[in-house]
Amino acid sequence: MASGLFRSTAVVGGMTVISRLLGFVRDMVLARAFGAGMATDAFFVAFKLPNFFRRLFGENAFATAFVPVLTDYRERGDTEALHRLLGAVAGLLAVVAAGGAVAGMIAAPFLVRVLAPGFGGDAAKVALTADLLRLTFPYLLFITLVAFAGGILNAFGRFAVPAFTPVLLNVALIIAALWAAPAFETPVMALGWGVVAGGLLQLAFQVPALARRGLLPRPRWQPWHAGVRRIVRLMGPNVLSVSVAQISILVDTILASLLQEGSISFLYYSDRLVQFPVGVFGIALGTAILPALSGQVSRGEEAAYRATLDRGLRLIIIIGLPATAGLILLGGPILTTLFQYGAFTPATTALTYPSLAAYALGIVGTIGVKVTAPAFYSRQDTRTPMRAAAWAMGANVVLNFLLIGPLAHAGLALATSLAAFLNAGLLLGPLVAQGRFWPSPGWTGHLLRVAGALAALVAAGWAVTPAPGVWHAAGAGVRVAMLAGCVATAGVAYLGTAWLLGVSEVRALPRWLHQRFFDGPVGGR
């Protein structure tokens, strides 16, 4: 099971790397073309709202309710019942998502004033944001169905296609920014059309994968279907429990709109960088672990369930801590290399870095939630994660108001990070108390070995990183070369030290790579 979880996580992570790297290209294009000001603030607010509802209802809350129920139907072996469930869920999702998109388009001006109250004094900014919001809300329909299709494929162990799908949104936005924007009277409106096109492309990409496996649903309006009712019951608490991070980011946007112009953009670019390790590893691990745990619960394999959780938590430490250290150590050079061109100035970099460092501090907690929450969802227990998320969200709001004064937008990011750790801790505690998880022998040694490798990473990275002035003066090619050298040096120091100290997951990596590329395909294809 451990190797299966590793393979599934690696497949999703590998596809996500492609998407995230292209996402950086997208953000570099946006930063160069639009910088951090009124246009980008308006677009990020407009895109954030349908994206928020997508994550709230169409992806996170839905997936964590849908996959365990679908897995249960799959384990029964009744193909006809399985297809009836898929058709009923597809029909309900299409109607609800379409209705939500229409409602959002109608209420756009009101939503802008609620979610970005700081825009209220600038009528042009409010109008631009409302226009963008009307344009981007249909994305909610497309991406909700994309999440549904991805949930089906993930439940059947097919991870690669859903993980690659986000690449298409990045492609659409890059095309919109580079080639479509100059043709618009208001160039940023091209990005709104790019969002809609990206959603449609993602849905079209998943359909053949479902059809090839005989899993393409035929939508039916059957909200009374027993499986649909189970999913809806589970989704209710899930809406809060799995989306506390998204709610926190939305609150950050509201408060950031009250700060200096560009604060929303500072948080956006910071979050995008932090979402690279969270997306590549955290979401990949969470995506892979939910079907695994759900299947083990259905089969009554409690020992395997505990072993899967243990391996997931060990992987969090191995990846999350170096990601945190690397972003804090190299955050300035990364921002300079990726974004500091054209309208994105050295002053913008200096203002963005504090929020990047603050978000980076929460990586382990954020990924921890993505592993511990599925442990409850696999048992169709949504109340425990809901309570943990409620406490974490409340703490986040309090911390926002305590930290925004002295730290401005960086305080909002730090509050989000601290709330993530609280959420993860409130989930891990009940798992231990209920006997669902107990650390396997060797955890203390594991932590000490990872700490040693982490010290090597920091020392090596610090030694080879040039002073800030060197980065600012260098051209794009030199910046990329210097950053690649710093990352490679720190990465080799970490992995080499981990290997020497005997971190088992690192020592297993060459064997997995050999199997992956020389012994035939594994998992997810």
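**Salt bridges, pair by pair**

Modeller: Happy to! Glu80 is exposed, with a relative accessible area of 57% (exposed is over 50%, buried under 20%, partly exposed in between, with a 1.4 Å probe and protein chains only). This is a predicted model, where local features need pLDDT of at least 70, side-chain atom pairs count only at pLDDT 80 or more, and totals for chains, interfaces and linings use all residues. Residues are numbered from 1 along each chain as its sequence is written, and side-chain values use heavy atoms, leaving out hydrogens and water.

The partner of Glu80 is Arg84, in a salt bridge of 3.0 Å, N to O (a Lys or Arg side-chain nitrogen within 4 Å of an Asp or Glu carboxyl oxygen). Both belong to helix α3 (residues 79–106), 4 residues or about one helical turn apart; helices are DSSP runs of H or I, at least four residues, numbered from the N terminus. Arg84 is partly exposed at 38%.

Next, Arg230 and Asp72 pair up at 3.4 Å, N to O. Arg230 lies in helix α10 (residues 226–241) and Asp72 in helix α2 (residues 38–76), so this contact ties together parts 158 residues apart in sequence. Arg230 is buried at 17%, while Asp72 is partly exposed at 21%.

Then Glu302 meets Arg379 at 2.5 Å, N to O. Glu302 is in helix α13 (residues 302–339) and Arg379 in the loop between α15 (363–377) and α16 (383–407), so parts 77 residues apart in sequence are tied together. Glu302 is partly exposed at 27%, as is Arg379 at 24%.

Finally, Arg74, Glu75, Arg299 and Glu301 form a salt-bridge network. The whole structure has 15 salt bridges.

Note on methods: Helix = DSSP H or I, 4+ residues; strand = E, 2+ residues; numbered from the N terminus.
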